[in-house]
Amino acid sequence: MSVQACAEIVQKGDEDRFRATMAAPLAAREVLFPIHAFCLEVAKAPWVTQEAMIAEMRLQFWRDVLQEKIDGSAPRAHEVAGPLAAVLDATSAQALDATVTARQWDIYRDPHEDAAALRSYLHNSYAIPMHLSARLLGAPESSAKALNALGYAGGLARYLMAIPGLQSAGRIPLVDGRPEAVSELAKEALEQGRWGAQKLGKLSKTARAPMIDAAMHLPVLKQAAKDPDAVLDGRLGQGPARKSLRLAVASQSPSWAFF
């Protein structure tokens, strides 16, 4: 079991996140690939079966993996569980339990209860892994508010791009799907993301590494704010050239928030 196996899972399951991680310093990749692979496995669990009970069991598997780390037990023989246990501490493992729990929403067809519930889903599924990764790589606890702001922005950008697929699968992803409401949602998140990225710009390149993916996706929020119909039409996203340029800036420069 190795970090390489985790990297291969990320490369196969999320090309953007893989490229963002490969742009990070080597020391950061050793931490990020196991955490990203964990997040992908958890995110996949609700979608590999039509049976809610089986999906719940798959999520429980990952809760058990985290609990083993919290308890100080030896990790089970699994291509992600072993590398994950090697990079997490007990505090991080406890925090990631919320990431697993958030994915229960993906199992069922109930809408988010309200805007706060959607925000909590995005925070737990995206911001928490980003935040704890940054902490493990040297980000101080004083950066928590900025990390959560940028994490929410990055999570929402990815979520908005996934909305056509979620709707096709019978989910109700938006609390308020009116174009003006979607535009305002994206605009607010973009402002928070830019603020967070600006505050985090002075951290070391290693500590900033978990934030590259979120910074890369800020233009998606700008697009959604300007053209909310693109969300439902599946037109959100950046072309390969623009994405590559954004990656280069986000991985090197503190000015990433304004590019």
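1. Basis. The model is predicted: local features need pLDDT of at least 70 and side-chain atom pairs count only at pLDDT 80 or more, while totals for chains, interfaces and linings use all residues. Residues are numbered from 1 along each chain as its sequence is written, and side-chain values use heavy atoms, with hydrogens and water left out.

2. Helices α6 and α7. Helix α6 spans residues 90–102 and helix α7 spans residues 115–136. Helices here are DSSP runs (H or I, at least four residues), numbered from the N terminus. The two pack at about 160°, with axes 8 Å apart. Axes are lines fitted to C-alpha atoms over the stretch in contact, and angles run from 0 to 180 degrees between N-to-C directions. That angle makes α6 roughly antiparallel to α7. Angles over 145 degrees count as roughly antiparallel, under 35 as roughly parallel, 65 to 115 as roughly perpendicular and the rest as oblique. The crossing of α6 past α7 is left-handed. Left-handed means that the near helix is turned anticlockwise from the far one by less than a right angle.

3. The α6–α7 contact. From α6 come T91, S92, A95, L96, A98, T99 and A102. They meet Y121, N124, S125, I128, P129, L132, R135 and L136 of α7. Contact means heavy atoms within 4.5 Å. By class, this contact holds nine nonpolar, five polar and one charged residues. Ala, Val, Leu, Ile, Met, Phe, Trp, Tyr, Cys and Pro count as nonpolar; Asp, Glu, Lys and Arg count as charged; the others, Gly among them, are polar.

4. Helices α8 and α12. Helix α8 covers residues 144–168 and helix α12 covers residues 218–226. Their axes come within 8 Å and cross at roughly 60°. The pair is therefore oblique. Again the crossing is left-handed, with α8 passing α12. L150, A153, L156, A157, L160 and M161 of α8 make the contact with L218, V220, L221 and A224 of α12. The residues of this contact are 10 nonpolar, no polar and no charged.

5. The largest nonpolar core. It has 42 residues. A core is a set of buried Ala, Val, Leu, Ile, Met, Phe, Trp, Tyr and Cys residues joined through side-chain atoms within 4.5 Å. Buried means under 20% relative accessible area, exposed over 50%, and partly exposed in between (1.4 Å probe, protein chains only). I35, F38, L66 and L88 touch the most other members. Helix α3 (residues 26–44) gives the largest share of this core, 10 residues. L88 touches I35, L66, K69, A93, L96, L132 and L136, with residues up to four places away in sequence not counted. Of these, L96 belongs to the α6 side of the α6–α7 contact, and L132 and L136 to the α7 side.

6. The second core. This separate core has 39 residues, including L200, V220, A224 and V231. V220 and A224 also take part in the α8–α12 contact.

7. V87. This residue lies in helix α5 (residues 81–87). V87 counts as buried, at 19% relative accessibility. Beyond four places in sequence, V87 touches E30, V31, P34, I35 and L136. G177 is 90 residues away along the sequence, and its C-alpha is 39 Å from that of V87.

8. I70 and D71. Both residues are in helix α4: I70 and D71. Helix α4 runs over residues 52–71. I70 is partly exposed, at 30% relative accessibility. Leaving aside neighbours within four places in sequence, I70 is in contact with A90, A93 and Q94. I70 and A90 are 20 residues apart in sequence, yet 4.6 Å apart C-alpha to C-alpha. D71 is exposed, with a relative accessible area of 51%. The C-alpha atoms of D71 and A230 are separated by 46 Å, across 159 residues of chain.

9. Q192. Helix α9 (residues 179–200) holds this residue. Q192 is buried, with a relative accessible area of 18%. Its contacts outside four places in sequence are R119, A149, L150 and Y152.

10. E113. The loop between α6 and α7 carries this residue. E113 counts as exposed, at 72% relative accessibility. E113 and A149 are 36 residues apart in sequence and 21 Å apart, C-alpha to C-alpha.
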